[in-house]
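The sequence and the structure are shown first.

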Amino acid sequence: MREIIRFAWGISSLGDFVVAMSDKGLVALEFSSQRAAMEDALRSRFPDAKLEHDQTALASVVDVAAGLIDDPATGSDLPLDLRGTAYEVQVWQMLCDIPAGETTNYGALAARLGTRDAREVTVAIASNPLAIVVPCHRVIKKDGSISGYRWGVQRKRALLAREQRAHGLGAEPRSEAR
């Protein structure tokens, strides 16, 4: 039997987004205003699955996602279906361990994985399909500056600022060499 991936669209304070769920859990939460292109990307990512638009069945997931976008420090208990290489999943799980209101850098994550080369970590982070839920926005450059973000640097800044406000911290994210 062919796997079914259901998806739905939401509107948030940081723009339109899509959520996609397998029977096991969330497989995608991505910002996009290009609906047709995003649906094509989902079909490419899950070529053996039947993709179904199901706004009604995923209404609560869309609501949770919109809430996370507004307040990324709240966290989520949505079940996850992490799909990537073993290395990518390991990196994504490390990202989930970074507390809201804190940041780390690419090199620190690489060191935790036993390497000094942060390039592989950077590629794994860039492949993360679960914006906010797997908080790749909490990874910054070693010098404390904000670097690229798959869904736009402005969104990354906004998410970090929202976490800082939620934790009563200053405007700059607290960095921890993890």
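## Basis of the values

The model is predicted, so local features need pLDDT of at least 70 and side-chain atom pairs count only at pLDDT 80 or more, while totals for chains, interfaces and linings use all residues. Residues are numbered from 1 along each chain as its sequence is written, and side-chain values use heavy atoms, with hydrogens and water left out.

## The sheet

Four strands form an open sheet in the order 3-2-1-4, with mixed pairing. Strands (E, at least two residues) and helices (H or I, at least four) are DSSP runs, numbered from the N terminus, and two strands pair if DSSP finds at least two bridges between them. Strand 3 and strand 4 (50–53) stand at the edges with a single partner strand each, so one side of each has no neighbour in the sheet. From one strand to the next, the twist averages 20 degrees.

Strand 1 and strand 2 run antiparallel and are joined by seven bridges; they form a hairpin with two residues between them. In this pairing, Ile-11 has Asp-16 of strand 2 as its bridge partner. A second hairpin joins strand 2 to strand 3 through four residues, and these strands pair in the antiparallel sense over five bridges. Phe-17 is bridged to Phe-31 of strand 3, and Ala-20 to Ala-28 of strand 3.

Helix 2 (residues 59–70) packs on the sheet and touches strand 1 (4–12), strand 2 and strand 3; its direction makes about 130 degrees with that of strand 2. For such angles, axes are lines fitted to C-alpha atoms, for helices over the stretch in contact, and angles run from 0 to 180 degrees between N-to-C directions.

## The nonpolar cores

Five of the seven residues of strand 2 are buried, where buried means under 20% relative accessible area (1.4 Å probe, protein chains only). A nonpolar core is a set of buried Ala, Val, Leu, Ile, Met, Phe, Trp, Tyr and Cys residues joined through side-chain atoms within 4.5 Å. The largest core has 39 residues, and among the members that touch the most others are Phe-17, Val-19 and Phe-31. Helix 2 gives the largest share of this core, six residues. A second, separate core of 12 residues includes Phe-7 and Val-27.

Leaving aside neighbours within four places in sequence, the contacts of Val-19 (heavy atoms within 4.5 Å) include Phe-7, Leu-29 and Val-61.

## The aromatic pairs

The structure holds two aromatic pairs. Rings of Phe, Tyr and Trp (its six-membered ring) pair if their centres lie within 6.5 Å; planes over 60 degrees apart count as edge-to-face, under 30 as stacked and the rest as tilted. Phe-31 and Trp-151 form an edge-to-face pair, at 6.5 Å centre to centre and 65 degrees between the planes. Phe-31 lies in strand 3 (residues 26–31) and Trp-151 in the loop between strand 6 (139–140) and helix 6 (153–166), so the pair ties together parts 120 residues apart in sequence.

Tyr-149 and Trp-151 have ring centres 5.4 Å apart and planes at 75 degrees, so this pair is also edge-to-face. Both Tyr-149 and Trp-151 are buried. Phe-31 counts as buried at 7% relative accessibility.

## Ser-32

Ser-32 is found in the loop between strand 3 and helix 1 (35–45) and is buried at 11% relative accessibility. A polar atom of its side chain lies 3.1 Å from the backbone nitrogen of Gln-34.

Conventions:
Buried means under 20% relative accessible area, exposed over 50%, partly exposed in between (1.4 Å probe, protein chains only). A polar contact is a pair of N or O atoms within 3.5 Å; within protein, one must be able to donate a hydrogen and the other to accept it, and residues adjacent in sequence count only if both atoms are side-chain atoms.
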